[in-house]
Amino acid sequence: MSWLRFLRRRRSDAELQHEFEVFLTEETADNIARGMSPDEARRQARVKLGNAQKVRESVWAQNSPLPLSHAGRELKYAFRTLSRTLGFSIIAVVVIALCIGAATSLFTIVRSVLLRPLPFRDPDRLVIVHEHFRGAWASSPGEFSYNPVAPADFYEWRAKTHGFEDMAIMRYSSYNLTGERSELPEAVRAAAGSWNLFPLLGVQPALGRTFSESEDRPGTAVVILSWSVFQRRFAGDAKIVGRQIHLDGKPFTVVGVLPPWFTYPDAKIQLWVPYKADATPEMLQHHDWHQSQVVARLRPDVSLASALAQVGAVQYQLHLQYPHDPVAEDVAPRSLNEDLAGNVKKPLNLMLSAVGCMLLIGCLNVSNLLVARSAARQKEVAIRSALGAQRGTLIREQLAESVLICAAGGLGGILLSVVATRSLAHAWKDLPTAQGIHLDGAVIAFACALMLAAALVAGLLPALSTTGKTMMKALQTSARTGASSVSRTALRKSLLTAEIGITVVLLVAAGLLLKSFLRLRSADVGCITENMLTLSYSLPDKKYDTPEKMNAFNEGLLERVRNIPGVRGAALGNTLPAAGYWGDYVFTVKEHPPLKPGEDFPNGLMRWADPGYFSALGIPLVSGRFFTSDERDARSYKVIASHQLVRQYFPGDNPIGKHLTVPAHAHKGAPGMVDFEIVGVVGDTLYQVGKETKPAIYFPLLEGFGGGMLAVHTAGDPLRFSVAVQKQIASLDPELPVSDVRTMEQVIGESLVNASLSASLVLAFAILSLLLASVGLYGVLSYLTTQRTTELGIRMALGAQRDQLLQLMLFDGLRPALFGLGLGLVASVAATRIFQSMLFGTKPLDPVVLVGVIATLLAVAVLACLAPAWRASRLDPMQALRTE
Amino acid sequence: MRKGQPPSEMLKGTLDMMILRTLVGGDAHGHTIAKVIEHTSEDLLEVEQGSLYPALHRLEDRRWVSSYWGASENNRKAKFYRLTAEGRKQLVRETSRWRQMRRAIGLVMGEEGGAQ
């Protein structure tokens, strides 16, 4: 009711005025009837009506809920006060806008990546189940190793446990998509999913249907298209369903198209095939073929723990059953979001904390500035309170200013974060793409809550400090304001100390991340990285069905590329240094005693290399020899080991001539022949910058390998050669698509993008915080100097030297800085431990970083204090004494 | 926290009651209400406009009276007030409260058995 009244008060005021008019006419008419002259009658009527304005005001006030009208008035006053000091207001608003904008942006990303459930049916009951090795493969106790699942394990789980409604399995794959007519061939990322995956997730296809159970077996040729490839490659033509497309040269029937929103597990997946369709029977039978993801839907009446316990028990049985294979002992669950976020989670949380720190500093800073302003109004506040103003009213009035600042800043911040979020999400390559990153209601609510919190933090401290019981002192101190503000100065100093403390933590974090990034950048990959062009291709099975055919292509390509003028060398392998993990093999050394039970299996990265691979990439030979072109076709059973493998598994032993037993690399025709002779040892390379060196086993590429990555060492800018190299591929096989044409430096750069992003962002936050803190320091000291002008004048008049005064003031300003520095360093020790795992080759208490931070902070603090201190020491004593 | 009403010659709280009583005789606009109260009280009471209009507003807000636009005696558009059923009940309550009060004051002032 009262709200309605409030909203209609303008109308009711108009009605009231009309009522007055009626009253006047009626009264005038009555008066004339009493025999008055018309003029007199009108005058008397007016006298009788009295002060109409007063009545209007009283009804107006009746219609306005009191707190609301007060709030309106307070905001009006605050607005007027703020617009009088425009410079201050703008600075404060910008500070808050930056802080809230940054916090909102990061929250948007955190929410999209970690908090918002994926758009599936009942997402709360979905869980990813990983295998978990209890042994040394788990990074640390309490953490899970989150190993991919072997399909053989999965089929056992699904058959023998009942805690989950259903479980589905999927893995990444890739195909060459060739056109019927003369469309360009294209290498597409694909995924293979068991037939029940889409029903389990609750995904309805946009067109057609999903896989049937009978289609999920080896050799079927059906495919579901993602919406993006459906639009891009097939022009959104619904008639494609039921027709055939060519994958790796084989015809596949399109049975369905997925809806546009389905971009799980990432947006790059272009098509789906049944899980077993392209799997060999060996893949499905081996319990050590850890390649897949398992997503499970919990039954409503079963707890996650008991469902997992069942699966874990089955897995432990399998572990006992296959003591000589790397079969995990246990399983571990992870939410879909966390599973996708993977290694983004830590940096994301780190940045969110950094932004939180910055926000706090921003609030403290505005708070600090407001304390200074409220000091000027101290006497006014004291007088009003003596006249009976309530403390609540006074506090509200002062809060109004900070509310206005934070509201304006918050609005600016939200606008800012719209832009910032988009560019951040674009720059951050590791972010999962399963759902879009955008502002939504929850984020706006978050920003508003931040705004409110910021307003309270920034406004409450100064408001409480000026309206306390001590404020009467302001009246007692009469004209001389000199000593009245000791307690408030103490408050400002403690605010500053907190500000500087947080800044130090941020600076330390930024310094560590920066150093770690520089370390990463200068990390030695172990091969030539300059002037190196890389590209990948994959030979389709159907056309290249024998090792001879593959070798003919690979060797032909290598020869042609090496003959391009300006090419210094070419290397062909399944992958290249710094280009990723690409799988590992578990092995034993034939000549060594058998492993003790419970001992972890040795393992090494699996690599294939052509005879010229090492020399073209500049990987040094440690001992033995490289591959020759005789090691080809039917297995040669020769391998080359990396130096790390030798260090780790042949300590003090000559590895040349020894044999590695690699059960997983069995040849189709000869399952028992799994011993490989080590013929050489080569230098180590990093599989990814920032990761530790892992042992690697190189097999001869010429035993028949259907594709891989080609590296071309060129005399000049490598990208100038990309067309020439691709032309050679096209002349060998015009249908073969080429992908990922990049320089080696770009490949390495990609793994650095995230490190550089987190380092530069945290650094930006830290610098901004440093700037804020120094402005705060300067402000406090300037204020202090003005406050103490009279005192300083007296000191001078009594004979104090100017440099003594300079020292006095300087020390006064530096004290909170030093105190904050100490606190900050202590806090850093705790804080840096949290993100220790994000650092590469840098200790959390890196002396260089710590010294750098201390020096920077001290330098900035001295600079900020010097100006006001200098001004204080240059005071003219006569002037100072006259100053009120 | 309610602001004090403009000073009135009348006893506090009686204006509302008298307005309600006046409206028992039929719908009226502000001027008529004031005139009726003054006439009936033999001009002993003077209704201040500064109290009348806020009071009418208040009564309407509490739904004891409703209002509509009609034509005044001089054929001008005027806001007429009408007693609602709720207002009638309120009038009964206030009247009985007033009688008690009058008796109490009368007793204190030594009048025989209070005023009749």
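Guide: Let us begin with a strand pairing in chain A, where β17 (residues 638-642) and β20(A) run antiparallel and are joined by two bridges. Strands here are DSSP runs of E of at least two residues, helices are runs of H or I of at least four, and both are numbered from the N terminus. Two strands count as paired if DSSP finds at least two bridges between them. The model is a predicted one, in which local features need pLDDT of at least 70 and side-chain atom pairs count only at pLDDT 80 or more, while totals for chains, interfaces and linings use all residues. Residues are numbered from 1 along each chain as its sequence is written, while chains are lettered from A and ligands numbered from 1 in the order in which they are written.

Visitor: And which residue is the bridge partner of A641(A) in β20(A)?

Guide: That partner is I697(A). I697(A) also stands opposite M606(A), which belongs to the pairing of β15 (residues 603-609) of chain A with β20(A), a parallel one with five bridges.

Visitor: How many of the residues of β20(A) are buried?

Guide: Five of the five residues of β20 (residues 696-700) of chain A are buried, where buried means that 20 or more other C-beta atoms, placed from the backbone, lie within 10 Å of the residue's own, exposed means 12 or fewer, and partly exposed lies in between. In a regular strand the side chains alternate between the two faces of the sheet. Here both faces are covered, with A696(A), Y698(A) and P700(A) buried on one side and I697(A) and F699(A) buried on the other.

Visitor: What is I96(A) in contact with, leaving aside its neighbours in sequence?

Guide: Beyond the neighbours within four places in sequence, its contacts include G362(A), V366(A), I405(A) and A454(A); a contact means that the C-beta atoms, placed from the backbone, lie within 7 Å.

Visitor: New topic, then: is L514(A) buried or exposed, and why?

Guide: L514(A) counts as buried because it has 21 C-beta neighbours inside 10 Å. L514(A) is found in helix α18 (residues 486-521) of chain A, and it touches A759(A) and L763(A) once residues up to four places away in sequence are set aside. Q390(A), by comparison, is 124 residues from L514(A) in sequence and 52 Å from it in space, C-alpha to C-alpha.

Visitor: Stepping back, how many helices and strands are there in chain A?

Guide: Chain A has 27 helices and 22 strands. Its C-alpha atoms fill a box of roughly 125 × 85 × 60 Å along the principal axes. The radius of gyration over C-alpha atoms is 38 Å, whereas a compact globule of 884 residues would have one near 29 Å, by the rule of 2.2 Å times the number of residues to the power 0.38. Buried residues make up 43% of the chain.

Visitor: What does the domain assignment of chain A give?

Guide: The assignment, which is automatic or from a database, gives domain 1 (2-64), domain 2 (148-327), domain 3 (344-521 + 753-882) and domain 4 (540-735). The centres of domains 1 and 3 of chain A, taken over C-alpha atoms, are separated by 57 Å.

Visitor: How many residues does each chain give to the contact between A and B?

Guide: Chain B gives 18 residues and chain A gives 20. On the chain B side, α2 (30-40), α3 (49-61) and β3 (77-83) each give two or more residues, with α3(B) giving the most, seven.

Visitor: And what order do the strands take in the open sheet of chain B?

Guide: The order is β1-β3-β2, three strands with antiparallel pairing, and the edge strands β1 (28-29) and β2 (65-71) of chain B each pair on one side only. Between β1(B) and β3(B) there are two bridges, and H29(B) stands opposite F80(B) in β3(B).

Note on methods. Two residues are in contact if their C-beta atoms, placed from the backbone, lie within 7 Å.
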